[in-house]
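Dear colleague,

I am passing on the structure we spoke about, with the sequence alongside. My notes on what was found follow below it.

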Amino acid sequence: MVDEKRAFPRKAVSLSTNILDTETKSVLGECILTDVSKNGFAIESEVILSIGQKFDLQFTILNKTVLLTGEVVRVDNGFFFILYGSKIVDEYCKNLEFFRKYIDYSLV
């Protein structure tokens, strides 16, 4: 078994949403959010992204709209599509603290 090196453990999720262009907010395509942590997340998508590229995900949790801005740090083969490991870019997110509390208390 490989030791977990992340500061914040990932929690598995399965949420379908759109990938948005950070500047224009136009839809680039669909993705599946596969896991989350306080500082990052992973998505699978057919959309081609590159390392260092920023993008947005928007979804609703408990009637609050969450906007996460991610920056691609890893590209790999996913289960269905390309897997992108992303770090959260705090200064561009909306309701980030709410999202982090939700991760801590609601996801097992």
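To begin with one of the charged contacts, in what is a predicted model: Arg100 is joined to Glu97 by a salt bridge, in which the closest N and O atoms are 3.3 Å apart. Both residues belong to helix 1, where they are three residues apart, about one turn of the helix. Arg100 has a relative accessible area of 11% and is therefore buried, and together with Asp90 and Glu97 it takes part in a network of salt bridges.

The helix that carries this pair, helix 1 (residues 96-106), lies across strand 1 (11-20), strand 2 (27-36), strand 4, strand 5 and strand 6, and runs at about 70 degrees to strand 5. As for the sheet itself, six strands close into a barrel in the order 1-2-3-6-5-4, with antiparallel pairing. On average, and with direction ignored, neighbouring strands of this sheet are turned by 45 degrees against each other.

In one, the side chains of Lys38 and Asp104 meet at 2.9 Å, N to O. This pair links distant parts of the chain, since Lys38 sits in the loop between strand 2 and strand 3 (40-45) whereas Asp104 is in helix 1, 66 residues apart. Lys38 counts as partly exposed at 24% relative accessibility, and Asp104 is likewise partly exposed, with a relative accessible area of 36%.

In the other, Glu71 forms a salt bridge with Lys54, and the closest N and O atoms are 3.6 Å apart. Because Glu71 lies in strand 5 and Lys54 in strand 4, the pair ties together parts that are 17 residues apart in sequence. Glu71 counts as buried at 18% relative accessibility, the cut-off for buried being under 20%, while Lys54, with a relative accessible area of 35%, is partly exposed.

Lastly, the surface: Phe79, Phe80 and Phe81 form a nonpolar patch there, with about 390 Å² of accessible area together. Phe80 is placed in the loop between strand 5 (64-77) and strand 6 (82-88), and at 60% relative accessibility Phe80 counts as exposed.

Terms used. Residues are numbered from 1 along each chain as its sequence is written. This is a predicted model: local features need pLDDT of at least 70, side-chain atom pairs count only at pLDDT 80 or more; totals for chains, interfaces and linings use all residues. Side-chain values use heavy atoms; hydrogens and water are left out. Patches are made of residues with over 30% relative accessible area and no salt bridge: like charges are joined within 9 Å, nonpolar side chains (Val, Leu, Ile, Met, Phe, Trp, Tyr) within 5 Å. Accessible areas come from the Shrake-Rupley method with a 1.4 Å probe; for residues, only the protein chains shown count as cover. A salt bridge is a side-chain nitrogen of Lys or Arg within 4 Å of a carboxyl oxygen of Asp or Glu. Helices (H or I, at least four residues) and strands (E, at least two) are DSSP runs, numbered from the N terminus. Buried means under 20% relative accessible area, exposed over 50%, partly exposed in between (1.4 Å probe, protein chains only). Two strands pair if DSSP finds at least two bridges between them. Axes are lines fitted to C-alpha atoms, for helices over the stretch in contact, and angles run from 0 to 180 degrees between N-to-C directions. Contact means heavy atoms within 4.5 Å.
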